[in-house]
Amino acid sequence: MTNPQIFIVLPRNRVQPGILSVFNIDGLAHTCACKGKADNGKARREGNARRDPARPWGDTPTGDYAPTQIDLFDEHHRSMGRGWIPMEGADGQALQARINGRTGLAIHAGRGDEKIVVTYGCVRVLDKDFDRLVQLIGTDVVEIFIREIG
């Protein structure tokens, strides 16, 4: 493995947290809780009441994502934190979501360190965990894989 990799396992019941694991050349470098659940109200208002991951405003799609890099913002963003790791679907449900017009998917933080709240279909972690991802990945290209269990 030359690039860092992020493996995310999300439960079928997306109310429950998932696990995000970062691997680098030395092996497992960090594990933290995450959420991949869409906001119920927003999904319903946008015509996706079931939060279908392959459609806009749904839960986070599973599958493989194109290699990407961390993008840090000039200023802390209220709902996304200090940056994001953009995700573009390359295989599986993630690719189907991209074909269906889903854009703006990412791994990000942005609501502090007390509770992981839902997003509009991204993967959210605590601010301190995103800071750790920045330390571990830096400017390297990262590969992202998301699976579902349960």
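## Close-up views of a predicted model

**View 1. An open sheet built from 6 strands.** Welcome to this predicted model. Its strands follow the order β3-β2-β1-β10-β4-β7, and their pairing is mixed. Which strands stand at the edges? They are β3 (27-34) and β7 (89-91); each has a single partner strand, so one side of each is left without a neighbour in the sheet. On average, neighbouring strands here are turned by 25° against each other, direction ignored.

**View 2. The pairing of β1 with β10.** Let us look at two strands that sit side by side in the sheet order. Strand β1 covers residues 5-11 and strand β10 covers residues 142-149. The two pair in the parallel sense, over 7 bridges.

**View 3. The largest pocket and its lining.** How much space lies in the largest pocket? The answer is about 340 Å³. The pocket is lined by 19 residues, and those closest to its centre are W57, T119, Y120, G121 and C122. By kind, the lining divides into 8 nonpolar, 7 polar and 4 charged residues.

Conventions:
Residues are numbered from 1 along each chain as its sequence is written. This is a predicted model: local features need pLDDT of at least 70, side-chain atom pairs count only at pLDDT 80 or more; totals for chains, interfaces and linings use all residues. Side-chain values use heavy atoms; hydrogens and water are left out. On a 1 Å grid over the protein atoms alone, a cavity is a set of points where a 1.4 Å probe fits but cannot get out, and a pocket is an open set with protein on both sides within 12 Å along at least five of seven lines; lining residues have an atom within 4 Å of a point. Grid points are joined across faces, edges and corners, and a volume is the space filled by probe spheres set on the points. Ala, Val, Leu, Ile, Met, Phe, Trp, Tyr, Cys and Pro count as nonpolar, Asp, Glu, Lys and Arg as charged, and the others, Gly among them, as polar. Two strands pair if DSSP finds at least two bridges between them. Helices (H or I, at least four residues) and strands (E, at least two) are DSSP runs, numbered from the N terminus. Axes are lines fitted to C-alpha atoms, for helices over the stretch in contact, and angles run from 0 to 180 degrees between N-to-C directions.
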